[in-house]
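Colleague: Hi, I'm new to this one. Could you walk me through it?

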Amino acid sequence: MNKSSLRSKLLNAPYILWSVLFILAPMLMVVYYAFTNRDGEFTWENITALSAYGATFGRSVWYALLATLICLLLSYPLAYIMARSKASQQRTLMMLIMLPMWMNFLIRTYSWMAILSNTGIINTVIQAIGLPPAQMINTPGAVILGMVYNFLPYMVLPIYSVMSKLEYSLVEAAQDLGCNAFAVLKRIIFPLSLPGVISGITMVFVPSVSTFYISQKLGGGKFLLVGDSIEMQFQSAYNYNLGASLSLVLMLMIVICMLVMNRFADSEEGAILV
Amino acid sequence: MEKNAVIIDLKNISVSFDGQQILKDLNLYIRDGEFITLLGPSGCGKTTTLRIIAGFLEPDSGEVVFEGKTMNGVPAHKRQVNTIFQRYALFPHLNVFENIAFGLRQQKKSKDEIRKTVEEMLALVNLKGFEKRNIASLSGGQQQRVAIARALAVKPRVLLLDEPLGALDLKLRKDMQAELKNIQQRLGITFIYVTHDQEEALSMSDTIVVMDSGEIQQIGSPTDIYNEPKNAFVADFIGESNILDGIMHADFSVEFQGMKFRCVDKGFGKDEPVDVVVRPEDVDIVAPEAGMLRGTVTSVTFKGVHYEIIVDIDGFKWMIQTTDYSAVGDKIGICIKPEEIQVMHKSVYSGLYGDYSSFSEEFDELSDPIPTAESDEAAEE
């Protein structure tokens, strides 16, 4: 072994140790708990018990997909406008998007409770002008709104970052070859911003599908998401084994989603290249 | 359309950005089938002129006429001109075939027609068999060829080229110059070529438009521009030149460096102060007693084909290119034939370009406008 590779091994050591201690070990523990009972004996029980959670998983995925789609529809034009505006405006817009993230996640969600609740700001205004109050809090809509609000920056930033690097001469070249504004968007800007869109989708979908806090606070615990179920098993039911098996399935789902997204990205590029 | 008819006419074009005037009342017409070059230092407005023709930029005032029809307000995608961009602007997500087919697909051409045209274009630019290649895997020269093929595939009436060879190395640049000229002659379409490289302009163009500070300094054939520069700027920018203060006493008689010379210029006022240009290769070295002017050699550089000699004549340092060797310190005489003397009216550029007293190769390169895309954009955007 030569000197430089020894040194690089030494330099890598802390990171490897960190990864093992805080990433690999917890994951293995999740797997261990998922396949054992309270006495530490191997069992399939926790896995078979999951059949009762089909609706919960379905709801989680559905809400997360909706939230991701809404984020994408909001972010794409915003990122485009940002990337095309002046440098000083770009900084201001970026600041406005980042600003809510300076506040704690819990406080942001509590604020939405105050806005949406039956005696909240919106309903107070509605009633003041003589309309019947609207039920907003504790609805699926409120939960999805919470997801969109909290995770929007994770969609805007990657798309913006790709778009701001897009060379404007490519747009001019497309115009030069006969593209109107719509054709430029369809044939140049969209395909070139796809990597940003895909990482944005991943970064919004993953936290949305596993969230528990948003659904508890804005959904009032009326409908459980996977995250809620996991939290319940660990925090109140003290059934680490079932909690672990739920986590394991969620993890697998996320990995599969990411693989599909990556495959989609690859094949998209491949399709154009071939 | 008949050959030599005017295809593009720019009338009184003015443009300014942020209070800085980029083009000042520019008038220029371009004939069909012509290879015309806009030549000038960076920031002179040549790229801006090209962008106005392409439709990427609307002039503040003035008219752009294409085959008799006003083009003001017509967007780029509806104009029959195509551009080859400075850094090619090839689409990185498409392969070579799809890049070239891009404009044809937009025109909704049939599959067979697209395939046929792309093949023709690839043959034209010597890139047969490159259809499936990724843009990123191509060399600079190959990318340049794809850019040419892409622009020509849609059969434009006029091709605009914005410093297309700027990113290539010298050898490749020479090859591409010949190839571009060849393509232009074969297809017979109008080329409007923008460059800061005078040699490129001289060797490729039918017509050269020399520009500076947003104004046209001179329009003419390469030989006209070189042999009969209109002012000190053109004389200095194109090739090497000795630019002297002179007085035109009468037709065919000019005085400089205290000597009267016969020349072939006329039509100046009596005793009008003028600028006189003598090209370094047009000066003959003779024995001191036989010379019209006498001086001392201060520097000699061997250039391969010739020597470049700096001669101090009464304080003015001349550059002379000659195949005869002289040593530093030699006293020599020089002779200039009447037809080698070019007399010009005084202009705002008079006196800006001195003699070769501070001359060195490095200095010359440093003071040359460096044609980076950034500085061009900064100046012209």
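Colleague: Anything to know before we start?

Modeller: This is a predicted model, where local features need pLDDT of at least 70 and side-chain atom pairs count only at pLDDT 80 or more, while totals for chains, interfaces and linings use all residues. Residues are numbered from 1 along each chain as its sequence is written, chains are lettered from A and ligands numbered from 1 in the order in which they are written, and side-chain values use heavy atoms, with hydrogens and water left out.

Colleague: How many salt bridges are counted between chain B and chain A?

Modeller: The count is one, between the side chains of Glu172(A) and Arg51(B), at 2.7 Å from N to O. A salt bridge here is a side-chain nitrogen of Lys or Arg within 4 Å of a carboxyl oxygen of Asp or Glu.

Colleague: Is Glu172(A) buried or exposed?

Modeller: Glu172(A) counts as buried because its relative accessibility is 6%, whereas Arg51(B), at 25%, counts as partly exposed. The cut-offs for relative accessible area are under 20% for buried and over 50% for exposed, with partly exposed in between (1.4 Å probe, protein chains only).

Colleague: Switching topic: what about inside chain B?

Modeller: Arg145(B) forms a salt bridge with Glu179(B), their closest N and O atoms being 2.7 Å apart. Arg145(B) is in helix α4 and Glu179(B) in helix α5 of chain B, so the pair ties together parts that are 34 residues apart in sequence. Helices are DSSP runs (H or I, at least four residues), numbered from the N terminus, and strands are runs of E, at least two.

Colleague: Last one: which residues have the most contacts inside the largest nonpolar core?

Modeller: Ile8(B), Phe91(B) and Ile192(B), in a core of 79 residues. Helix α7 of chain A gives the most to this core, with eleven residues. A nonpolar core is a set of buried Ala, Val, Leu, Ile, Met, Phe, Trp, Tyr and Cys residues joined through side-chain atoms within 4.5 Å.
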